[in-house]
Amino acid sequence: MAQICTPEYGYEGYSYMVEGQCDLDNITAGCTTVNGSISMSVNYTGGFYLPNIRNITGNIRWYLSEPLDAVPKTTSMHLPDLEFLGGTLDVSSIPTLQSFVAPQLQTVEWAANIEYAQEVDLRSLVDLEYLTITGNVSSLRLDSLRQVRQDILICNMDECDSKNSPNGVLNVSLPALHDTGHLNAEGRFSSFDTPNLTNLTGFGTAFYNIKLVTSGEAPINISFPELKYIQGEDLQSISVSIPDISNMTAWFSVNAYNQLDINLPFQEAQDILLTGNISSVQFPNLTSVDTFTVNSVASLDLMFGVVVGVVIGLL
């Protein structure tokens, strides 16, 4: 029988303050729904195991306390039965965290922010507002993710800082993703698949609608076979296919680190900027563009359709 438990109101609002697994055991012994939040103390050490809880109306996070530079030493988080989270999942800034597994979690009402974990399993997650996964991730399950209303950030390097080396190689597969505001992925990827991505709405806080940056491996092929609506792009070190976009309504930028041939079906575009190691540029259907700038370090072949109103710069 479902049992709803409401924590007492305190410093973190209606929240259970947990300092170890024994506190979690006390919650799970009599509850299936937490009408509030669960907050980890900076004194938390070891694994975080939360069975039986199917719904949490608030947040899962850790709370800041004295000393201000202290963080939990949580090593793993396993929430085998959780299906709904009504607020935010924030387990960032915990360097000891090795895995985060919530295989039944379908809905996060606001944001998920997971940092440092090598394994992230959110295989049933369908929709949320923001998704941020950064740090050491080498195994990522997002099998059911259909919608992220604002920003997606996936980055397998510390602090998502391009000055840091990627931590291993990551296969990114988003087979169900249909629409998002912005898609930003940086690091070292063996593949990047979004076979059903249809809409990039531009809703959110990121600068680029798509920003993909790969490093340290051979170039990978990126295809958006169902993409029909997009605001703008920044693509680096990849081979790209976008067969269904005819009208590029915003700034389109490609910065190629490895040699890249570009052949895209755009008929109309606003601003196109191509830089780096680009050896071939083909826009056979292009009839109208405001500005077209190419800055290539390689010998370059160009082919256009009958272009009207274009300012072309070769740098």
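In the predicted model, strand β6 (residues 45-49) pairs with strand β9 (residues 73-78). The pairing is parallel and runs over 5 bridges. Within this pairing, T45 stands opposite K73 of β9.

Strand β9 also pairs with strand β12, which spans residues 99-101. The sense is again parallel, here over 3 bridges. H78 stands opposite V101 in β12.

The relative accessible area of V148 is 0%. V148 is therefore classed as buried, since the cut-off for that class is under 20%. L128, E129, Y130 and L131 are among the contacts. L177, D179, T180 and G181 are also in contact with V148. L183 lies 35 residues from V148 along the chain. The C-alpha atoms of V148 and L183 are separated by 9.3 Å.

Confidence was examined for the chain and for one segment. The mean pLDDT of the protein chain is 85. A pLDDT of 70 or more is reached by 84% of the residues. Over residues 308-315, pLDDT stays under 50. The model has 22 contacts beyond four places in sequence for residues 308-315. Where pLDDT is low, predicted coordinates should not be read in detail.

Terms used
Residues are numbered from 1 along each chain as its sequence is written. This is a predicted model: local features need pLDDT of at least 70, side-chain atom pairs count only at pLDDT 80 or more; totals for chains, interfaces and linings use all residues. Side-chain values use heavy atoms; hydrogens and water are left out. pLDDT is the predictor's confidence in each residue, from 0 to 100. Contact means heavy atoms within 4.5 Å. Two strands pair if DSSP finds at least two bridges between them. Helices (H or I, at least four residues) and strands (E, at least two) are DSSP runs, numbered from the N terminus. Buried means under 20% relative accessible area, exposed over 50%, partly exposed in between (1.4 Å probe, protein chains only).
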